[in-house]
Amino acid sequence: MARLLKTGLRQSLDTYSGLGRVIGNSIQQSGTCCTGSSFSDRYLSSLVHSRERKNPNTQLWRPNLNGFLAGDQINLGRREISTTIHFQSSSAERVVEYHGEEDERDTGVEKKKLPGLDPTKPGEKPRIVVLGTGWAGCRFLKGVDTKIYDVVCISPRNHMVFTPLLASTCVGTLEFRSVAEPVNRIQSALSKSPNSYFYLARCTGLDTDKHEVHCETVCDNGLPNNAYRFRVAYDKLVIGAGAEPLTFNVNGVYEHAFFLREVHHAQEIRKRLLLNLMLSENPGVSEDEKKRLLHCVVVGGGPTGVEFSGELSDFIMRDVKDRFSHVKDYIHVTLIEANEILSSFDVGLRQYAIRHLTKSGVHLLRGIVKDVQPKKIILNDGTEVPYGLLVWSTGVGPSSFIKSLDLPKAPGGRIGVDEWLRVPSVDDVYALGDCAGFLEHTGKQTLPALAQVAEREGKYLAALLNNIGKQNGGKAFCARKVSMGDPFVYKHLGSMASVGRYKALVDLRQSKV
């Protein structure tokens, strides 16, 4: 055995020496001078004693030649023929530099594969990937059977927000922890099951042919700025990415206004409100500046705008008059709406809301905002309204991520789905909540962006996929011949909106959608 090993080693050394002589002759012919020991000795020495180092210019395996070779390839004097040395040794290194798809086609270098979760193997549970932790996504997570599926949830936030109560947190009626629920409490498998995960990331794109989602880690809101990308393979994909506030392309909204859709929005509003109250008491502040600082403007007369205005009026009457008595006469609230407030409610309820808000000190102003500046807004008739706090709640629309997806769209720009909440043009993709709407051929209207719609869709889709999994249709491309069951039917249970002073409106009329 020892003799065989010694013979193999001697043959390898002879091969290396011979190759070194060829290289040395080639270099001498090209005019390169090598003094001292022979080139083959230097080459073998560098092969044995050199450490790994990364050269960004190389694209293939090559040894460290201690600077003797200037390029990756060695010209042996033959036309259009070159040789590259390949050694699988400790001193060899592989560094690949990519220059786009064109280089990959020319050189045959395989595209670098992103880290992440590979497709499930035979014998493993099928994997459901859920995008979003809103009402729809969390209700789906709660109902999905984790004995049938592994679940991966991807979202830039790790909790669900009870949005109807956000307005109460802005003025301290409720604490922020009262309106947020961690997603791993809603679905415990995300923290306990070995193949179920929650990823704090944003989805940046879909590859429906490969059944993959491409993601990027979250690096804003104070998190370290070291974002990287990864991919997750899915058997079933549920898109519940929600919507984003509508600004109607009004200049300055994102820069100067506050929205009210997340916990950090409510925190920022509370901070600005209390800061303006304290600044207005400082000496040297003019009367006009006090009025501006303590003027709270709400744009949008829907349920969110009306509820926030009611909460602010309660805060002024109950807290500001006792704790900020020096400026209590300066603070007031203005609600701006282009049409009628609470337009989806019954006429009698709208009139009651107007009377109650007016009695509470809320000034109702009809108009359309054309421009938002740092200290004032300008309406369509030229009226200038100074403000110290501006809250924008004019409804929601499709997000930029939803718009970027190459999927069929329903009227209004949402992802188009059929009666079973499937995206019909691709396999194993479902959408629900504010980002989904029925396609025109279904004959159904797009449902409103309400919590009860999202909750009902999440519950239905969880039961549907559980049923598909029980019929062995959970794996990718296996649900084509599975019975889908009854389609989704929405029944409106009514609407409710608080108007302050422990009063609320309830409209129990049946919706036609």
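How many Å² does the accessible surface of the protein come to, and what percentage of it belongs to carbon and sulfur atoms? The accessible surface comes to about 28,000 Å², and 50% of it belongs to carbon and sulfur atoms. Accessible areas come from the Shrake-Rupley method with a 1.4 Å probe, and for residues only the protein chains shown count as cover.

This is a predicted model, in which local features need pLDDT of at least 70 and side-chain atom pairs count only at pLDDT 80 or more, while totals for chains, interfaces and linings use all residues. Residues are numbered from 1 along each chain as its sequence is written, and side-chain values use heavy atoms, with hydrogens and water left out.

View 1. Helices (H or I, at least four residues) and strands (E, at least two) are DSSP runs, numbered from the N terminus. Of the 513 residues, 45% count as buried; buried means under 20% relative accessible area, exposed over 50%, and partly exposed in between (1.4 Å probe, protein chains only). Among contacts (heavy atoms within 4.5 Å) between residues at least 6 apart in sequence, 64% join residues at least 24 apart.

**View 2. Eight strands form an open sheet with mixed pairing.** The strand order is S3-S10-S9-S8-S5-S4-S11-S22. Two strands pair if DSSP finds at least two bridges between them. At the edges stand strand S3 (116-117) and strand S22 (429-431); each has a single partner strand, so one side of each is left without a neighbour in the sheet. Helix H4 lies across strand S4 (127-131), strand S5 (150-155) and strand S11 (236-239), and runs at about 155° to S4. For this angle, axes are lines fitted to C-alpha atoms, for helices over the stretch in contact, and angles run from 0 to 180 degrees between N-to-C directions.

**View 3. Strand S8 is joined to both S9 and S5.** Strands of a sheet pair through backbone hydrogen bonds, either parallel or antiparallel. S8 (residues 197-207) and S9 (residues 212-217) run antiparallel and are joined by six bridges, with Gly205 opposite His214 in S9. The hairpin of S8 and S9 has four residues between the strands, and His211 takes a positive phi near 60° there. S5 and S8 run parallel, with four bridges joining them; Cys153 stands opposite Phe198 in S8.

**View 4. The structure holds six aromatic pairs.** Rings of Phe, Tyr and Trp (its six-membered ring) pair if their centres lie within 6.5 Å; planes under 30 degrees apart count as stacked, over 60 as edge-to-face and the rest as tilted. One of the pairs is Trp135 and Phe162, which is tilted, at 5.3 Å centre to centre and 50° between the planes. This pair links distant parts of the chain, 27 residues apart: Trp135 is in helix H4 (residues 135-143), and Phe162 is in the loop between strand S6 (159-161) and helix H5 (166-170). Phe162 is partly exposed, because its relative accessible area is 36%. The ring centres of Tyr228 and Phe230 are 6.3 Å apart with planes at 50°, so this pair is tilted. Phe230 has 9% relative accessibility and therefore counts as buried. Ring pairs link Tyr197, Tyr199, Tyr228 and Phe230 into a cluster.

**View 5. Val453 lies in helix H14 (residues 451-470).** Val453 is buried, because its relative accessible area is 4%. Not counting residues up to four places away in sequence, Val453 touches Leu447, Pro448 and Tyr490. The C-alpha atoms of Val453 and Gly433 are separated by 6.9 Å, and the two residues are 20 apart along the chain.
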